Amino acid sequence: MGGESVESRRSWLPARRVRAASVAAIVAAAVTVTACSSSGGTSSSGSAGSTASAASTASAGGASSAGSSSPATKSPIDVGLVTSLTSTTLAPYPQVAAAQKAAIAYINSVGGVNGHPLAANQCDDQDQANVAATCAAAAVRSSDVAIVGGTEVFPGFFSTINTAKLTFTGGLGLIPQELTSPVSFPVTSVAAGWYFGSGALAVKLGAKKVTIVQCSIPACEGTAQESAAALKIAGDDVAPQYVTFQLGQAISATDAQQVIKQDPDAVILAAPGPYPQQMMTALRQAGYTGKIINNIGSFDPQAIKTVGNSIADGTYVVSTMHLPTETSIPAVALYNTWMDKTDASAQKDELSLLEWTAMLDFADIAKTLPTVTRASVLSAYQNLKTPVDIGTSAPFSVVGSPSPLSTAPQLHSADVMYSEIENGQYKPLGSFVNPFEPAGS
């Protein structure tokens, strides 16, 4: 698979149900951003008719109030969001936009940021490089003090916001530019956590002979290498084997037989949906009874419904946050409540919970500032030493939290969670762990 480092090849779209013919072009896109006049965005105040009292908010627990319980009546603070809300090539992420609106509605209901309500300018990049460039340019021209959230895969987007020193937080870390950008601050271990976590989990489960299923482009091989690196870190002395399938072609019984011939005791699926669902189904139908490990981005709640419990049960997933179904956790229950208030039809998954978390983190950080400006927000993130902990993920900080990957300096979080699927539901296997270091270190 070549001599490139693990980190240098990170450029994948793990969470998407792919029209695969277009993936390679998108992953490989190197965009030169030019000035554009149209924003292509929509605006939302996030009010959603919310009138929650301080008492009812406190009863939900686990999340900061982001300000006083008095009405947010001062001048608004604008934030942006850039992601795919509509697309003719890849599955869009409307749940991310819904989660931002839900978070803003909640924050504003408890006083906003020191009395200032938040308002969102959401821009649909349509999974198109030129539209993403337009969104980036519009955000730079706008009054947005930060862009909170978005699954950005176009390098030119980051070039534009870097120049403008416009903070970007809450992303998925899908391309190297996001994890090296000086204005980018992922609040979890993002996609790197998914793939390193898959390898570490295989060893934790006692696997001694691992096969990694990957797709046929370098970026996909890069994520497979991350899982392989984690296997070695966790103490597995046996190098993994690989099975490579062609993007754009459905997984077949022949592909499953290639895996089974290697006689693995664990299979790691380093591929985007719907390929994990297809491979899992083919493997089980062919009689494979060993362990199968996915990440929650490519095997979300809808994927469980797609394959059915008979296929999903007994398999494992890696997430970077608490599960959206863990409503016994007050902070997760709060997210569920406000998602239902705002858009009951929106999917509750790791992507929407990530956006919710990033927004509440932003509000907690912003309320420490005498004046919330683009410059003060960037400085606050750069110098964030006291961890922000709203209860949906591991605490987030920057200072004193160096990246576990040398070529991803902006990756300041290293935690993941493991779950087993039982009766069609995720069953957590303990709390957060760090897959980037040897177990017990």
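Contact here means heavy atoms within 4.5 Å. By that rule, and leaving aside neighbours within four places in sequence, F299 is in contact with Q277, M280, N294, I304, V307, A312, V317, I421 and Y426. The model is predicted: local features need pLDDT of at least 70, side-chain atom pairs count only at pLDDT 80 or more, and totals for chains, interfaces and linings use all residues. Residues are numbered from 1 along each chain as its sequence is written, and side-chain values use heavy atoms, with hydrogens and water left out.

**Nonpolar cores**

- A nonpolar core is a set of buried Ala, Val, Leu, Ile, Met, Phe, Trp, Tyr and Cys residues joined through side-chain atoms within 4.5 Å. Buried means under 20% relative accessible area, exposed over 50%, and partly exposed in between (1.4 Å probe, protein chains only).
- The largest nonpolar core has 120 residues, and F299, W356 and F362 touch the most other members.
- Helix α14 (residues 350–366) gives this core its largest share, eleven residues. Helices (H or I, at least four residues) and strands (E, at least two) are DSSP runs, numbered from the N terminus.
- Another core, of ten residues, lies apart from the largest one; F196, A230, L405 and F436 are among its members.
- In soluble globular proteins, nonpolar side chains tend to be buried together.

**E355 in helix α14**

- E355 lies in helix α14 and is buried, with a relative accessible area of 1%.
- Not counting residues up to four places away in sequence, E355 touches L81, V96, A99, Q100, V148, G149 and G150.
- E355 and G170 are 185 residues apart in sequence, yet their C-alpha atoms are 6.0 Å apart in space.

- In helix α5 (residues 155–164), the buried residues are P155, G156, F157, F158, T160 and I161.
- The cover over these α5 residues includes β2 (77–83), α4, β4 (146–148), β5 (167–169) and α6 (176–180).
- In helix α15 (residues 374–382), the buried residues are R374, S376, V377, L378, A380 and Y381.
- The buried residues of α15 are covered by elements including α4, β4, α5, β5, β6 (184–185) and α14.

**Aromatic rings**

- Rings of Phe, Tyr and Trp (its six-membered ring) pair if their centres lie within 6.5 Å; planes under 30 degrees apart count as stacked, over 60 as edge-to-face and the rest as tilted.
- The count by this rule comes to ten aromatic pairs.
- F157 and F158 have ring centres 5.2 Å apart and planes at 85°, so this pair is edge-to-face.
- F157 also forms an edge-to-face pair with F168, at 5.7 Å centre to centre and 75° between the planes. This pair links distant parts of the chain, with F157 in helix α5 and F168 in strand β5, eleven residues apart.
- F157 and F168 are both buried, and F158 is buried as well.
- One aromatic cluster is formed by Y106, Y335, W338 and W356.
- K341 has its charged end over the ring of W338, 4.9 Å from the ring centre. A charge sits over a ring if NZ of Lys or CZ of Arg is within 6 Å of the ring centre and within 35 degrees of the ring normal.

**Strand β7**

- Strand β7 (residues 210–215) is mostly covered, as six of its six residues are buried.
- Both faces are covered: V210, I212 and Q214 are buried on one side, and T211, V213 and C215 on the other.
- β7 runs parallel to strand β9 (residues 266–270) and is joined to it by five bridges; V213 has L269 as its bridge partner in β9.
- β7 also runs parallel to strand β8 (residues 241–245), again with five bridges, and C215 stands opposite F245 in β8.
- Two strands pair if DSSP finds at least two bridges between them.

**Positive phi values**

- Most residues other than glycine have a negative phi, and most peptide bonds are trans.
- N114, in the loop between α3 (94–109) and β3 (118–124), has a positive phi near 55°. N114 is partly exposed, with a relative accessible area of 33%.
- D127, in the loop between β3 and α4 (129–141), has a positive phi near 60°. D127 counts as buried, at 3% relative accessibility.
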